[in-house]
Amino acid sequence: QKGRKNVGTYYTEIIYINNYKNLNKEKLYFTINPKSTYITSLKKGKKSITLKIKKQAIQTTGYQITYSQNIKIKNTKTKATIKKLKSNKRYYIKVRTYKITQGKTYYSTWSKTKSIVVK
């Protein structure tokens, strides 16, 4: 429907004519998710990784980062450092944005996966 641009779940109501399918009206729900983001830079350190994320200022509460061991980190900043990693191991990293609206969390799609070998 017109004017629904904010992140959240909305519905539209369909009113049937002449009792089509024995229904008078029906609600159809749809969801608007936040815009996705991506990793702009990835640097390796001694048993750590530093990454920068493309900032999404509009309708974003924060960022979620995941790496190859399926550990998720919630972050509200566009720069993050992951520490206590194993040396000489390849890690795969991806990010997404999230928005909390009326107590419910909405997620964007995950970014493309980037990989790096830790020192």
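Reply: A residue is called buried when its relative accessible area is under 20%, exposed when it is over 50%, and partly exposed in between, with a 1.4 Å probe and protein chains only. By that scale S36 is partly exposed, at 30% relative accessibility. The model is predicted, so local features need pLDDT of at least 70 and side-chain atom pairs count only at pLDDT 80 or more, while totals for chains, interfaces and linings use all residues. Residues are numbered from 1 along each chain as its sequence is written, and side-chain values use heavy atoms, with hydrogens and water left out.

Helices (H or I, at least four residues) and strands (E, at least two) are DSSP runs, numbered from the N terminus. Two strands count as paired if DSSP finds at least two bridges between them.

The sheet is open and has 3 strands in the order β3-β4-β7, with antiparallel pairing. Because β3 and β7 each have a single partner strand, they stand at the edges, and one side of each is left without a neighbour in the sheet. From one strand to the next the twist averages 15°; for such angles, axes are lines fitted to C-alpha atoms (for helices over the stretch in contact), and the values run from 0 to 180 degrees between N-to-C directions.

On one side of β4, 6 bridges join this strand to β3, and the two run antiparallel. On the other pairing, β4 (residues 48–53) meets β7 over 4 bridges, also in the antiparallel sense. K52 takes part in both pairings: this residue of β4 is the bridge partner of S41, and K52 also stands opposite K79 in β7.

S36 sits in the loop between β2 and β3, the latter being residues 39–45. Leaving aside residues up to four places away in sequence, S36 touches Q56, T97, S108 and T109, where a contact means heavy atoms within 4.5 Å. S36 and K55 are separated by 19 residues in sequence, and their C-alpha atoms are 9.8 Å apart.

Q59, in the loop between β4 and β5, has phi near 55°, and at a relative accessible area of 24% Q59 is partly exposed. N88, in the loop between β7 and β8, likewise has phi near 55°, but N88 is exposed, at 66% relative accessibility.

Rings of Phe, Tyr and Trp (its six-membered ring) pair if their centres lie within 6.5 Å; planes under 30 degrees apart count as stacked, over 60 as edge-to-face and the rest as tilted. That rule gives 4 aromatic pairs. One of them is Y11 with Y29: the ring centres are 5.7 Å apart and the planes meet at 50°, so the pair is tilted. Y11 belongs to β1 (residues 8–15) and Y29 to β2 (residues 25–32), 18 residues apart. Y11 is partly exposed at 37%, and Y29 is exposed at 58%. Another is Y67 with Y91, where centres 6.0 Å apart and planes at 65° make the pair edge-to-face. Y67 lies in β5 (residues 62–67) and Y91 in β8 (residues 90–101), 24 residues apart. Y67 is buried, with a relative accessible area of 8%, and Y91 is buried at 0%.

Charged groups also lie over rings, a term used if NZ of Lys or CZ of Arg is within 6 Å of the ring centre and within 35 degrees of the ring normal. K74 is placed over the face of Y98, 4.8 Å from the ring centre, and R96 over the face of Y107, at 3.9 Å.

As for the whole chain, there are 10 strands and 0 helices. Its radius of gyration is 20 Å, well over the 14 Å that the globule rule gives for 119 residues, so the chain is more spread out than a compact globule; the radius is taken over C-alpha atoms, and the rule is 2.2 Å times the number of residues to the power 0.38. Along the principal axes, the C-alpha atoms fill a box of roughly 70 × 25 × 20 Å. Of the 119 residues, 29% count as buried.
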